[in-house]
Every structure is written in C-alpha cells, then in structure tokens.
Amino acid sequence: MKKWVSYILSAVMMFCLLTGCGGGGETAEPEKEGVAKGYWVVEKMVMEGNEFDKETMEGIFGEAESIMALAFDGEGSIDGIYFGEPLKGTYTGAEDALEMDLMGEKATGVCKDGVLEIKIGEDAAFTLKNQEEMPASIASNPWATYKPDFDADETMAMSSFMNYGRYIVQDDVLYGLTHSKSGSGNLAAMPFHMKGDFPQFDDTKILDEKGSAVYLCMDGDYLYYLRDWEAVCRVKTDGSDAKVLYEGMCDYLQIHDGRLYFTDEDYHFVSTDMDGKDLKTVVDKEIYYPYFICADWMVFQDNDDDESLHLYHAASGEELNITYVPSYAPVLDGKYLYYTDYTDGLAYLCRVDMSDPDTFRWEGSELPLRETGFVIDEESIYTANGISVPKADWQKLTDTKDVTAEVEVYASKDYKVYHEFDDEGLIGGKYLMSKAEGGGTSFK
C-alpha cells in the first residue's frame, strides 16, 4: 500500500510540474511545457471504485494538505506530502498528456483550468486544485529540501575541508600556509602568475603572523579561518581589518547561509553571525566532520554512537543513522557519500547512496588503506601517499605504506596543492600545481 501511495503522490506532483498549471488559470505555451512552478492540494479521490470528496476525506484522514499536497519546482522535480509521508517524483510531457515517475511508480495526468487530474493504474485517481502558496505541510517538511547532489567543485571543496582546509586559490593568489625562517606557520597571501608550465610566485604578504590557519573560508574580500584551532578569526585579503571573532578551542569551521558554524571546546556544533555574535548551539553533543550537504541538512560523525555517521537537519533536529560502525572523513560526490571505516588497524573505502534515506544503499571495498583520509579530485580518488585510481574503479584503491610521502591537501578546478612529508611526519615541502599545464612549484 505504501508503494501505491508514493506512486500516486509522485504522479500528482509530476503532472503539476509538467503542465505548469498555476494561479489565474493560465496554460503553458507548448514550448514551455513543464517549466512552471505550482502548488496543489487534493480535493477528491477515487480508490478501488470508492469516491471521497474533501469533507469525507478530511473526516477520515485529517486535513487535505496532509493527505496529498504537491510542489513543483519548474525543472521537472516534484516534492510533496502523501498521507503524512514525503514524496518525490519527476515528470515529462504536455499538460494534456503527462507522464510521471513517482518513486518508481508510473502515472498519467491532465491539467486544465487550475485543476489537476491524476490516474494511477485502473483503481486510483486524484483531483487536485492549484494553490497560490506552498502548503504548510510541505513547507514544514524538512525532507522537501533534501536533495544531496554535489558537483565536482563542491566535492573538491569538501575533500579539502576533510584535509583541514589549509588553502584557497582565488584570482591568481594562493591563500594559506607559509612558514617563516623560524619554522612557525603563518597565514599568507601568495600571488603568482604562470611562467610556461609552472606557477611563478611573486611577493608574499603575511596576513596573520600569530599562527597558521585551518578551515579557510572566503566570503567577499574576507578570509575566515581557525588560528591553530584556538580562535575563529577573519581578515581582509589585503591584510586589513584583522579580528578575533571567537576565542577558545574550536574545529571544523564552515560558512553556511550567512552564518559561521564550527565545533567548540566540547566538540558541540555551534553557530554565530559573520561578526562572531549571536552564538547558538546547533548540535548539543560531541560530533566530528560536520558538513552541510544541502539546505539545512548536514552529515557528521556521532562520537557517542560508536563514531557512526549521521544525517541531521539543523532547523528541525531530525536525525538518522547513515552508518552503524566507526566511519571517518565523509566526502559527498554526486549522490554518493564516500568514507572510510576502520577495522583492525586498517581503513576500508566505502560509499552510501544518499538519494534514498529509506535504504542508504551501501557498497564497500575489500582492499585496505593505511590512513582514513582520502581526496576526490574530479575523476580520481587519491590516498594519503598520492596513489590514485579513476573514480569508477574506487573499489580497487589500496595503499598500505607506513610512511606518508605525498599528500594532496587542496584541489580546485584549475589548481591543486600537495605536501611532502619527511620520515618523522613533518612537512618537508609544499607545492602549487596547475592542472592544465602539469607543472608544480614549491613555496615557503
């Protein structure tokens, strides 16, 4: 019955999107089929020959918008509520001949004069009326915004974050870690230009000489970062207007929806405005690797739940397990969340299909890795020692070397930064490389 219900709901949503039925009774031009947005609420339904009008439905099942309500995004996707449960779907076709796929079920529909008629099989039909505003049942449903699908740039940004976020390249300037003559780490702006195949560095400008920066974020002409995990700071890219926004042990800084998010000294997830004010607790327990993946949805490792990965909605507090074993360094690529689990001193690369929270379909590799960290750089996956395989062959990735020799720590569309480490695990060299030209240049 649940499958049939989802099918019906998806069918309705898909039909609405395709037809573009909206307020005012307007009909879509043929060349604009399926592009209009719209909201719909059920007025009547027929199931197995039994007809239910609105009054009868609400007397049995509750308010109409909790029975069936649909929202069409104008791009072929449908979100909605069906008998209190979330529904998603897709659609194609013209307003008088809609074809829909609703969570695996097929449906047809016709939209005319602000009324949407949907038919599923021989025994189910629904009549929905257009609404000017999004129904409250959809607006209050956190799953309506759950659409995890990272592109290559978003994946590389998350990979860099999981490797401490030490660098950003913007407008031919490398921002990040430099070392003084004494060996201490500083935050610097390092302009460069291409000379043949290799980046050529110009004069370096120190932006913060009091410590090194991790989890660098850029917002306009400001850099936000953690100074040695002891303070949240910001500074303009020209070195002016330096300010400490938060003092105390902190980790995992990220900017989301105009606010700063990070963990405090207890590894509880907190948030402030962009000036470090209006401190709020978001997740009141010890977590690691917190990262927003869509709207207010985030992933993190729950320390008290056997270090498993959780999916969490920051606004509503809705939470569920992604994994049930110790899991580390999650990185979303497309709809797949890659991570490593750690067993008997070795890590194993795994991934979960995040598109269906009902199942979170899992796949794993049987080949070991020495370290839990990895990097997804466009179409390749790298280990801590720089060993890589094409992303399509991710289950073939293996690396059991004890000594970390070369680590890619930052990747963007055009550049990557990698570190070389000595036998004692200290940074022995830092290099900026142009992906297009292939040349790498060391920097201090």
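**Entry 1: Tyr431.** I began with Tyr431, which sits in strand S36, residues 427-434. Strands here are DSSP runs of E with at least two residues, helices are H or I runs of at least four, and both are numbered from the N terminus. A note to keep beside me: this is a predicted model, where local features need pLDDT of at least 70 and side-chain atom pairs count only at pLDDT 80 or more, while totals for chains, interfaces and linings use all residues. Residues are numbered from 1 along each chain as its sequence is written, and side-chain values use heavy atoms, leaving out hydrogens and water.

I then looked up what Tyr431 touches, with contact meaning heavy atoms within 4.5 Å. Beyond its neighbours within four places in sequence, Tyr431 has contacts that include Val417, Glu420 and Phe443.

**Entry 2: an open sheet.** Next I found four strands in an open, antiparallel sheet ordered S23-S24-S25-S26. Pairing asks that DSSP find at least two bridges between two strands. At the edges are S23 (287-294) and S26 (319-321), each pairing on one side only. Inside the sheet I checked S24 (residues 297-302) and S25 (residues 308-313), which pair antiparallel over six bridges. Asp302 stands opposite Ser308 in S25.

Entry 3: Last, I turned to S10 (residues 167-170) and S11 (residues 173-179), an antiparallel pair with four bridges. Which residue of S11 is the bridge partner of Ile168? I found Tyr175 there. Two residues lie between the strands of this hairpin, and Asp171 takes a positive phi near 50°.
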